Amino acid sequence: MNREIEDLFERQMRAWPQLAQGIEGLAQAKTIPLRIDWFDVFVRHIPHRIASTTAPVDLKSVAKRPCFLCAGNLPAEEEGLRFDDDFMIYCNPFPIVDRHLTIAHREHTRQRIANQFGHMLDLAAALQGYFVVYNGPECGASAPDHMHFQAGSRGLFPIEQDTAGLAGITVPNYSRNVLILRGRDRSALIDRMDRAIDLLAETTGKRPEPMVNLAVFNDRGEWITYLFPRSKHRPAVFHTGELTVSPASIDLCGIFVVPLAHDFERIAGEAIAAILREVTLPDDQFNEVAGRLEGGH
Ligand SMILES: [Zn+2]
């Protein structure tokens, strides 16, 4: 699969100016590490992310625009790779990381993780050296009406180092609460994820799907999955105009996207830690879900 993706990027870089421009934009992006708590977050200034960071994702606005993930609406130059019966892999023209991919369902079906987590695990297994993410419809997905994942190179994927060797499902003293599910048994992982999603829906009262971001990668047969339960889509500083940031899976994994230069110049580690805490599930609810998941009841 990796070879086919390299070839796809090579062809699309030549044929599709918007992609070439996006990759050039990423090459020009400034990245600085900022210490928050006991780990680094890489703050990345990428101007081309502004449309996504500020995208209106309410039902009304979404219904008004042509769906940019439906095959019939793609630019003529854009080419995809078939992954399985359900999903197509495309190069993302607004990359945050190297080899940024958008993996879209072939049908216009809304963003839901139920019955799709198995596809996510299969993608992670097929894409060695990549991580795969899912952004819930109210948690950063800019197409909440069309089922999709994203993937990118693990060359920069800070959470992997932060949590290496942790076997448990909670990370103590972390600025964002995260459940870590790892293992080699695909169906056992799907069962545990279903259970976690159920418990979160019950605890937060959000149905059919609680607010979540997911990230997964596969390293020589073992899957490592990060589940970030959310309490909010965007932080208060976004709404006041103080900082134009809107964290989704990649930000929670430690690559914090800042599209505006004047935000990038003044943002501090404490502000990022506070934002991550604000948008993820508060400790009491998180601990209840983590405890029940660990206890198996
Ligand atoms: Zn669509």
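Trainee: In this predicted model, what arrangement do the four donor atoms around the zinc ion make?

Mentor: The four donor atoms around the zinc ion subtend angles of 98 to 119°. Four donors count as tetrahedral if all angles lie between 85 and 135 degrees, and the arrangement around the zinc ion is therefore tetrahedral.

Trainee: Which residues coordinate the zinc ion, and how are the donor residues spaced in sequence?

Mentor: The zinc ion is held at 2.0 to 2.3 Å by Cys 67 (SG), Cys 70 (SG), His 108 (ND1) and His 146 (ND1). Written along the sequence, the spacing of these donor residues is C-x2-C-x37-H-x37-H.

Trainee: How many residues apart in sequence are the parts that Cys 67 and His 146 tie together?

Mentor: Cys 67 belongs to the loop between α4 (59-64) and β3 (81-82), whereas His 146 belongs to the loop between β6 (130-135) and β7 (148-153). The pair therefore links parts whose separation in sequence is 79 residues.

Trainee: How are α5 and α7 oriented to each other?

Mentor: The axes of α5 (residues 117-126) and α7 (residues 186-204) come within 10 Å and cross at roughly 135°, in a right-handed crossing. Angles from 65 to 115 count as roughly perpendicular and those over 145 as roughly antiparallel, so the term for α5 and α7 is oblique.

Trainee: Which residues of α12 does α7 meet?

Mentor: α7 packs against α12 (residues 283-295) at an angle of about 145°, with the axes 10 Å apart. From α7, residues including Arg 192, Leu 199 and Thr 204 take part, and their partners in α12 are Gln 285, Glu 288, Val 289, Arg 292 and Leu 293.

Key: Residues numbered from 1 in each chain as written. Predicted model: local features only at pLDDT ≥ 70, side-chain atom pairs only at ≥ 80, totals over all residues. Heavy atoms only, no water. Axes fitted to C-alpha atoms, helices over the stretch in contact; angles between N-to-C directions. Helix = DSSP H or I, 4+ residues; strand = E, 2+ residues; numbered from the N terminus. Parallel < 35°, antiparallel > 145°, perpendicular 65-115°, else oblique. Left-handed = near helix turned anticlockwise from the far one by under 90°. Donors = N, O, S within 2.8 Å, 3.2 Å for Na, K, Ca; no water. Tetrahedral: all angles 85-135°; square planar, octahedral: opposite > 155°, others 65-115°. Contact = heavy atoms within 4.5 Å.
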